[in-house]
Amino acid sequence: MSDHNISGKTRRQIYEDRLKRRSLLIAGSSTAAVVLAIILLVPMAPGWVKVKKSFFNWDVFVKTFPKLLDAFLLDVAIFAWCAPLIALLGLAIALMRDVRAPALFPLRIFGALYTDIFRGVPVVLTVYLIGFGIPGLGLPRPWNSPYIWGSLALILTYSAYVAEIFRSGIDSVHQSQRSAAQSLGLSERHVMRDVILPQAIRRVVPAQMNMLIALQKDVALLSFIGPVEIFRQAGVFKSLLANFTPYVGAAVIFLCVTIPATRYADYLMAKQNRERS
């Protein structure tokens, strides 16, 4: 007796499809119940009217949102010039940590110290130290600009994390591939460039996407040292209008950027996992 029905599916496939539909139905129902509970219960809280006026004022939102978008362009610009520099410096640090020649051992020490220091110090503290410390040396314009030194703080910090991700990708390539390439007469430099790095970079793309998402949000930390980007602009509006709605508007703008990027990173990771299985 055949295990296939008219649709061509096996009994196992039909059973799994039924379980999937049931799971989706339960997930959808529970999500709808939670959303409905929030919609019904939150407005019943004693302070909801004041909270709504202070955080969800539609008139304030409409008035400030366009200017918040303009300020967000500065966040995008800072992100755009920081991201490629972070990738290059992170890759260089990762390669330093992987050098095997005894004469280059100081590079390994430097790479290890670099990642330990900049991963150990909070981003906001690095921004303060570099953003206020270096301009305090009395440098002439434009070298006293908070845009330059704030960006440098982000580049130094994120390069340490990116370097470790690159290094994990390099270490994930099996040693036998390195040995096989060397047995063919390739130098250590060519082995790394032509055999190891192409595989390593491809494997760490999803993780690096997550770092880009985090970088986009942490650009807002530069507001503490002067640049009028979206977070600082929201603070200005909050002071002028005595209302917190501009912060909600800024959050909406960040979510419109980060949620699609996060979903894309999840897609890349799921695709990578399917290829490995």
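Partly exposed describes a residue whose relative accessible area lies between the buried limit of under 20% and the exposed limit of over 50%. The legends below concern a predicted model.

**Figure 1. Close-up of the salt bridge between Arg193 and Asp194.** The side chains of these two residues come together with an N to O distance of 3.0 Å. Asp194 has a relative accessibility of 42% and therefore counts as partly exposed. Arg193 is also placed in the partly exposed class, because its relative accessibility is 46%.

**Figure 2. Close-up of the salt bridge between Asp266 and Arg263.** The closest N and O atoms of the pair are 2.5 Å apart. Both residues belong to helix H11 (residues 245-276), and because they are 3 residues apart there, about one helical turn separates them. Asp266 is partly exposed, with a relative accessible area of 35%. Arg263, at 48% relative accessibility, likewise counts as partly exposed.

**Figure 3. Close-up of the salt bridge between Asp98 and Arg178.** Here the side chains meet at 3.6 Å, N to O. Asp98 and Arg178 are both buried.

**Figure 4. Close-up of a network of salt bridges.** Four residues are linked in this network, namely Arg97, Arg119, Glu164 and Arg167. For the model, the count of salt bridges comes to 8.

Note on methods
Residues are numbered from 1 along each chain as its sequence is written. This is a predicted model: local features need pLDDT of at least 70, side-chain atom pairs count only at pLDDT 80 or more; totals for chains, interfaces and linings use all residues. Side-chain values use heavy atoms; hydrogens and water are left out. Buried means under 20% relative accessible area, exposed over 50%, partly exposed in between (1.4 Å probe, protein chains only). Helices (H or I, at least four residues) and strands (E, at least two) are DSSP runs, numbered from the N terminus.
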